[in-house]
Amino acid sequence: MIDVLVVDDDIRIVEINTAYVAKVAGFRVVARAHSAAEALARLAERPVDLVLLDHGLPDENGLTVVRELRRLGRETDVIMVTAARDMATVQAAMRHGAVQYLVKPFTFAGLRAKLEAYAALRRALESGGEAEQSEVDRMFGALSASAVPALPALPKGHSPTTAEVVRQVLLGAGGPLSAQEIAARAGMSRQTAQRYLKLLERAGRVRLTLRYGETGRPEHRYAWPHG
């Protein structure tokens, strides 16, 4: 189980993010905080695996919390969850070891994809042994938005936001998913998921495979190629 600290100055957002985390298998929120000082106090009381960290806190900014963690020698992982979009903040977050950066506002599917990618990375790192270059690329690519090709231009009447949600679900998955599974994770209808999957598959962004059962038609399975 991955223990999470949720930090945001907005009590309502803390509640929402806590509820989101609770819906993702393998994660649990064990502490909450509404300021930098409170976040550091919670971490002193109980170490956690992951911090969902807002940047705009009332006393200090989120990067101050990350710097203090590193100064103390703590290896707690951090995902920045913030409305701060300026490149200086994004760059500073990367340099101080944030494993991901999620810009507000976001959907549950967007956060879920980041958490599942993080969990997959932890599993890969905890497996030990040595990694081939392809495995290293896949691990870094799982958390790096820059490693993902841009979405194709969509026909009129289609939403880039919806296409991005589908992509995030696929990126966070541990393997191929059916349209029904993608729809459930993305919080949309199966018909909508299928429509966008077909567009992405035709554009060469999504890989389609077939899984044959004992009877009936083969099930279509979709994956976002890594590397």
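# Reading helix packing and burial

Q: Which residue takes a positive phi just after α8?
A: Gly187 does, with a phi of about 70°. Keep in mind that this is a predicted model.

Q: How many helices and strands does the protein chain have?
A: The chain holds 9 helices and 7 strands. It has 227 residues, and 43% of them count as buried.

Q: What share of the contacts in the protein chain join residues at least 24 apart?
A: Take the contacts between residues at least 6 apart in sequence. Of these, 59% join residues at least 24 apart.

Q: Which residues of helix α8 are buried?
A: Helix α8 covers residues 179-186. Its buried residues are Ala179, Ile182, Ala183 and Ala186.

Q: Where do the buried residues of α8 fall, seen down the axis?
A: They fall within an arc of 100°, so they line one face of the helix.

Q: What describes two packed helices?
A: Two values do: the angle between their axes and the distance between the axes. Now apply that to α5 and α7. Helix α5 spans residues 108-126, and helix α7 spans residues 160-172. Their axes come within 8 Å and cross at roughly 20°. Angles under 35 degrees count as roughly parallel, so α5 is roughly parallel to α7. The crossing of these two helices is left-handed.

Q: Which residues of α5 and α7 make the contact?
A: From α5 come Ala109, Ala113, Lys114, Glu116 and Ala117. From α7 come Val165, Gln168, Val169 and Gly172. Sorted by class, this contact has 5 nonpolar, 2 polar and 2 charged residues.

Q: At what angle do helix α2 and helix α3 cross?
A: Use the two values again. Helix α2 runs over residues 36-45 and helix α3 over residues 62-71. The axes cross at roughly 30° and come within 9 Å. The pair is therefore roughly parallel. Here the crossing of α2 with α3 is right-handed.

Q: Which residues in α2 meet α3?
A: Ala36, Leu40 and Leu43 do. They meet Val65, Glu68 and Leu69 in α3. By class, the contact of α2 with α3 has 5 nonpolar residues, no polar ones and 1 charged.

Q: Is Ala33 buried or exposed?
A: Go by relative accessibility. Under 20% means buried. Ala33 has 0%, so it counts as buried. Ala33 lies in strand β2, residues 27-33.

Q: Which residues does Ala33 touch?
A: Leave aside residues up to four places away in sequence. Ala33 then touches Leu5, Val6, Val7, Asp8, Val14, Glu38, Ala39 and Arg42.

Q: What separates the C-alpha atoms of Ala33 and Asp10?
A: The separation is 9.7 Å. Along the chain, Ala33 and Asp10 are 23 residues apart.

Q: Where is Ala98 found?
A: Ala98 sits in the loop between helix α4 (87-95) and strand β5 (100-103). Its relative accessibility is 17%, so Ala98 counts as buried.

Q: Which residues does Ala98 touch?
A: With residues up to four places away in sequence not counted, Ala98 touches Val78, Met80 and Ala93. Take Val78 from that group. Ala98 and Val78 are 20 residues apart along the chain, with 4.9 Å between their C-alpha atoms.

Methods:
Residues are numbered from 1 along each chain as its sequence is written. This is a predicted model: local features need pLDDT of at least 70, side-chain atom pairs count only at pLDDT 80 or more; totals for chains, interfaces and linings use all residues. Side-chain values use heavy atoms; hydrogens and water are left out. Axes are lines fitted to C-alpha atoms, for helices over the stretch in contact, and angles run from 0 to 180 degrees between N-to-C directions. Helices (H or I, at least four residues) and strands (E, at least two) are DSSP runs, numbered from the N terminus. Angles under 35 degrees count as roughly parallel, over 145 as roughly antiparallel, 65 to 115 as roughly perpendicular and the rest as oblique. A crossing is left-handed if the near helix is turned anticlockwise from the far one by less than a right angle, and right-handed if clockwise. Contact means heavy atoms within 4.5 Å. Ala, Val, Leu, Ile, Met, Phe, Trp, Tyr, Cys and Pro count as nonpolar, Asp, Glu, Lys and Arg as charged, and the others, Gly among them, as polar. Buried means under 20% relative accessible area, exposed over 50%, partly exposed in between (1.4 Å probe, protein chains only). The arc is that of the directions from the helix axis to the C-beta atoms.
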